[in-house]
Amino acid sequence: MLSDDYSNEIIIEVEDILPGVQSHPSSNQSVREMAQVNSRVSMVSSLSDVEVVDYQTFSNRNEKRRSQLLQFSTSLNNSMSQTLCSPECLGIDTSHSSHETIQGQKLIASLIPMASRDRIKAIRNQPRSMEEKRKLRKIVDKEKSKQSHHIFEFNCCAQCLNSISRAYQRSHNSLSELLNSISLWQKTLKVIGGKFGTSVLSYFNFLRWLLKFNIFSFIMNFSFIIIPQFTMAEKNTLQFTGWEFLTGGGYFRDTVMYYGFYTNSTIQHGNSRASYNMQLAYIFTISACLITCFFSLLFSMAKYFRNNFINPHIYSRGIAKLIFCWDFTVTHENAVKLKQKNLSTEIRENLSEIRQENVRFTVHQQLTRFFAHMAAWVVSTGGAIACCAAVYYLAEYNSEFLRMHRDPGAVLLLPFVVSCINLVVPRFYSLFRLVERYEMPRREVYVLLIRNIFLKISIIGILCYYWLNIVALSGEECWETLIGQEIYQLLLMDFVFSLADSLLGEFLRRIIGMRLITSLGIQEFDIARNVLELIYAQTLVWIGIFFCPLLPFIQMITLFTMFYAKNISLMNFQPPSKAWRASQMMTFFIFLLFFPSFTGVLCTLAITIWRLKPSDDCGPFRGLPFFIHSIYSWIDTLRTRPSYLWVVWIYQNLIGSVHFFFILTLIV
């Protein structure tokens with residue numbers, strides 16, 4: 001370590017070499033100060049000396065010499081030029097010390113004026129150890145703070161902004177760390193990613209992402225629709241039998257669960273002049289939920305597309321980062337083992353993807369694969385069309401069937417058949433992999449996703465046609481509640497089938513593959529089929545939120561339960577036989593959720609609000625020719641109030657303008 005004794009020796013040597021300068025006190029003092037400052041700066045500039053620099057030596061010096069270190073590029077050189085003509089004329093060998101001093105000056109001078117983020121990045125890029133970088137950062141921060149103290153007399157506003165910026169950065173980092181620490185299922189997701197890779201992990205991330213959507217929708221509906229209705233709710237006189245949990249009817253019909261229970265009057269308590277219009281609250285709350293979901297989907301798609309397609313080298317972890325980077329904050333033994341396992345899995349995925357991209361096929365192999373793919377597509381498309389036709393004819397027959405059978409369980413016929421189709425047909429699609437034999441697992445997942453989304457969205461489209469053209473026009477009392485009940489039954493039946501398949505079906509498949517038919521082996525986690533189950537259920541929730549405002553709460557329970565059920569059922573699966581990186585999967589999942597799922601929901605609800613006549617005896621829109629007439633009446637009322645003309649202008653130029661929707665369509 002460079003001690004004070006060593007510095008004194010430097011001063012003595014300079015005094016012996018410069019006897020002629022001793023007659024000038026000012027020159028002698030300048031040379032001493034110059035040698036001491038050079039020795040200090042050389043400690044910072046040399047890679048080997050940074051390791052032994054004691055930060056306290058800087059704090060124990062007087063203010064004069066510390067200011068000289070800060071102003072090395074100006075005052076030091078000026079004093080040298082004034083007292084000495086050149087180092088060579090004084091007989092000083094400065095070849096090594098001058099080089100170190102200059103390098104230290106350049107390093108500190110370049111770090112001090114930088115912004116905080118740029119300075120940290122520059123220090124991080126230095127070829128030094130972590131301890132050296134920490135000490136260097138402390139030195140520069142201290143000199144920066146002293147410089148800021150002097151500048152404060154002349155530029156107080158700049159220092160205030162700098163302090164605010166630093167405080168904001170610290171608070172932002174602290175908030176990010178807090179959110180990461182309390183994030184739902186954070187540790188469980190790390191374990192899943194370490195054992196099964198990012199491909200299986202993408203399913204659980206997507207499930208958690210959907211859960212946030214439903215939490216927000218439930219909070220909105222509960223705050224602005226359900227709570228106000230509770231203040232005017234009458235006592236339910238129907239008897240609870242227990243069938244309500246399966247059918248959604250009976251006692252639940254006269255609760256806040258369905259559209260028909262809500263009042264169409266304006267809520268006003270006592271002599272208070274404040275009032276609450278349930279018609280506007282109902283339609284605006286549902287619209288706010290859908291609009292928020294719309295922009296959230298667009299933002300998420302843009303973010304994942306940027307990270308995984310436009311700039312993957314910046315936002316993804318390449319092989320070099322995986323091999324040569326380590327998080328030194330991980331110190332716990334179990335955390336270190338989990339981190340090592342995750343890194344090992346990611347390295348295998350990257351290497352496997354590079355190897356798969358270099359595979360080449362002969363012309364004969366390419367033709368064979370082409371015809372196999374064409375045959376698989378023809379069979380899958382024909383199967384989907386047959387299933388849609390079966391659902392359509394069953395839906396038409398369902399009304400007559402319910403008139404003939406008054407059994408409470410008869411209403412579950414249509415949901416049962418639809419759930420059976422959604423369970424069996426995707427498994428049939430998964431068998432095509434034995435014929436197609438995709439070399440890249442990601443491509444196989446994409447193909448299965450497209451086939452399954454075509455099947456499930458087609459079935460939902462058939463059901464929407466049945467609801468809007470048969471149920472809504474059948475003259476049934478409170479047809480909105482009937483649609484809400486059928487969507488509830490579909491959602492519940494799909495959840496029961498998925499839960500039974502996860503806990504029982506996959507376990508039996510594992511026993512068969514291990515004990516009875518060993519050639520089958522242990523199955524792999526079917527990402528496409530499980531993801532499409534989530535998209536199918538979420539599409540039903542978005543359609544039914546207008547007819548059953550409590551559906552987001554029900555979906556919250558099902559998603560929360562399915563996460564733990566799928567996590568438990570992972571013991572029945574083996575890790576993917578072909579490791580592959582699934583960084584782009586979330587982008588594709590969200591795109592499928594947006595189109596055709598969410599766009600189809602918007603079309604269905606738009607037809608309902610603009611084209612269908614509400615029931616005359618139930619719901620907040622009873623007595624109106626169309627649902628949208630509640631907005632028309634409200635706008636007409638605002639026209640008579642000068643203080644609300646800006647709302648009328650927004651409606652006329654946005655909601656009521658064809659050009660606005662045309663521009664919005666182009667943007668999307």
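Cysteine 289 counts as buried because its relative accessibility is 1%, and in this predicted model its sulfur takes part in no disulfide, the nearest cysteine sulfur being that of cysteine 293 at 6.7 Å. Since a disulfide requires sulfur atoms within 2.5 Å, the 6.7 Å between cysteine 293 and cysteine 289 is too far for a bond. Cysteine 293 is likewise buried, with a relative accessible area of 1%.

**The disulfide**

- By the distance rule the count comes to 1 disulfide, formed by cysteine 478 and cysteine 618, whose sulfur atoms are 2.1 Å apart.
- This pair links distant parts of the chain, 140 residues apart, with cysteine 478 in the loop between α21 (441-471) and α22 (479-516) and cysteine 618 in the loop between α25 (585-611) and α26 (629-639).
- The link of cysteine 478 and cysteine 618 is right-handed, with 105 degrees about the S-S bond, and both cysteine 478 and cysteine 618 are buried.

**Serine 300 in helix α14**

- Serine 300, which lies in helix α14 (residues 278-310), counts as buried because its relative accessibility is 6%.
- A polar atom of the serine 300 side chain lies 2.9 Å from the backbone oxygen of serine 296, and, leaving aside residues up to four places away in sequence, serine 300 touches Trp209 and Ile590.

**Helix α23**

- The 18 residues of helix α23 (residues 527-544) should span 26 Å at 1.5 Å a residue, and the end C-alpha atoms, 26 Å apart, agree with that expectation.
- Helix α23 is mostly covered, with 18 of its 18 residues buried, and at its start a side-chain oxygen of aspartate 526 reaches to within 3.4 Å of the backbone nitrogen of alanine 528.

Key
Residues are numbered from 1 along each chain as its sequence is written. This is a predicted model: local features need pLDDT of at least 70, side-chain atom pairs count only at pLDDT 80 or more; totals for chains, interfaces and linings use all residues. Side-chain values use heavy atoms; hydrogens and water are left out. Helices (H or I, at least four residues) and strands (E, at least two) are DSSP runs, numbered from the N terminus. The expected span of a helix is 1.5 Å times one less than its number of residues. Buried means under 20% relative accessible area, exposed over 50%, partly exposed in between (1.4 Å probe, protein chains only). A polar contact is a pair of N or O atoms within 3.5 Å; within protein, one must be able to donate a hydrogen and the other to accept it, and residues adjacent in sequence count only if both atoms are side-chain atoms. Contact means heavy atoms within 4.5 Å.
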